[in-house]
Amino acid sequence: MTDCMFCKIAAGEISATVVYEDDDVIAFEDVNPQVPVHTLIIPKQHYANIGDDVPSEVLGKVFSTVKKVAELKGIEENGYRIVANTGDDARQTVHHLHVHVLGGMRLPIRMGPAD
Ligand code: AMP
Ligand code: ZN
């Protein structure tokens, strides 16, 4: 995808603070962190979101990277939350599949009211 920001990060065309990378996935710091640890994991291949007929091997790669990122960021012991915003109601803003890894503090128990 020529016009996709996360494809450009995966290709090294836009800089990011990389936490972990292998042939299939890349994890990097969210540019606008919402909590002390806020890292994104993406497959290097472009899929719009988790509803985009993503092969199970790709999903496996992305989700098995969660634990690696949690260890690298030092949040494995205390716990963390993963989120994959999907589509408009979830307010997905970057349409390249990504998983947010959120932690480094005691997280709010539930989401607030819609704004
Ligand atoms: P979502 O709302 O789930 O689509 O989240 C997209 C996330 O990508 C947001 O948390 C943004 O702060 C983050 N983001 C957007 N552009 C970049 C970028 N160039 N580098 C790192 N994170 C980004
Ligand atoms: Zn993309």
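Me: When does a residue count as exposed, and what makes Asp53 an example?

Reply: A residue is exposed when its relative accessible area is over 50%, and buried when that area is under 20%. In this predicted model, Asp53 has 71% relative accessibility and therefore counts as exposed. Asp53 is found in the loop between β3 and α2.

Me: How do you know which residues coordinate the zinc ion (ligand 2)?

Reply: A donor must be an N, O or S atom within 2.8 Å of the metal. Cys4 (SG), Cys7 (SG), His46 (ND1) and His96 (ND1) lie at 2.0 to 2.3 Å from the zinc ion (ligand 2), and so they coordinate it. Along the chain, these donors follow the spacing C-x2-C-x38-H-x49-H. One pair among them links distant parts of the chain: Cys7 belongs to helix α1 (residues 5–10), while His46, 39 residues apart from it, is in the loop between β3 (37–43) and α2 (56–73).

Me: Why is the arrangement around the zinc ion (ligand 2) called tetrahedral?

Reply: Four donors count as tetrahedral if all angles lie between 85 and 135 degrees. The four donor atoms here subtend angles of 105 to 116°, so the arrangement is tetrahedral. The ideal angle for four tetrahedral donors is 109.5 degrees.

Me: Why is Cys7 classed as buried, and why is His46 classed as partly exposed?

Reply: The limit for buried is under 20%. Cys7, at 12% relative accessibility, therefore counts as buried. His46, at 21% relative accessibility, counts as partly exposed, because that class lies between the limits for buried and exposed.

Me: What makes His98 a buried residue, and what does its side chain reach?

Reply: His98 has 6% relative accessibility, so it counts as buried. His98 is found in the loop between β4 (80–83) and β5 (99–103), and its side chain reaches the backbone oxygen of His96 at 2.7 Å.

Me: How do you know that His98 makes a polar contact with ligand 1?

Reply: A polar contact needs a pair of N or O atoms within 3.5 Å. An N or O atom in the side chain of His98 is 2.8 Å from an oxygen atom of ligand 1, and therefore the pair qualifies. The protein covers 84% of the 500 Å² of accessible area that ligand 1 has on its own.

Definitions and conventions:
Residues numbered from 1 in each chain as written. Chains lettered and ligands numbered in written order. Predicted model: local features only at pLDDT ≥ 70, side-chain atom pairs only at ≥ 80, totals over all residues. Heavy atoms only, no water. Donors = N, O, S within 2.8 Å, 3.2 Å for Na, K, Ca; no water. Tetrahedral: all angles 85-135°; square planar, octahedral: opposite > 155°, others 65-115°. Helix = DSSP H or I, 4+ residues; strand = E, 2+ residues; numbered from the N terminus. Buried < 20%, exposed > 50% of the residue type's maximum accessible area, 1.4 Å probe, protein only. Polar contact = N/O pair within 3.5 Å; in protein donor to acceptor, adjacent residues only side chain to side chain. Areas by Shrake-Rupley, 256 points an atom, 1.4 Å probe, with all protein chains shown as cover.
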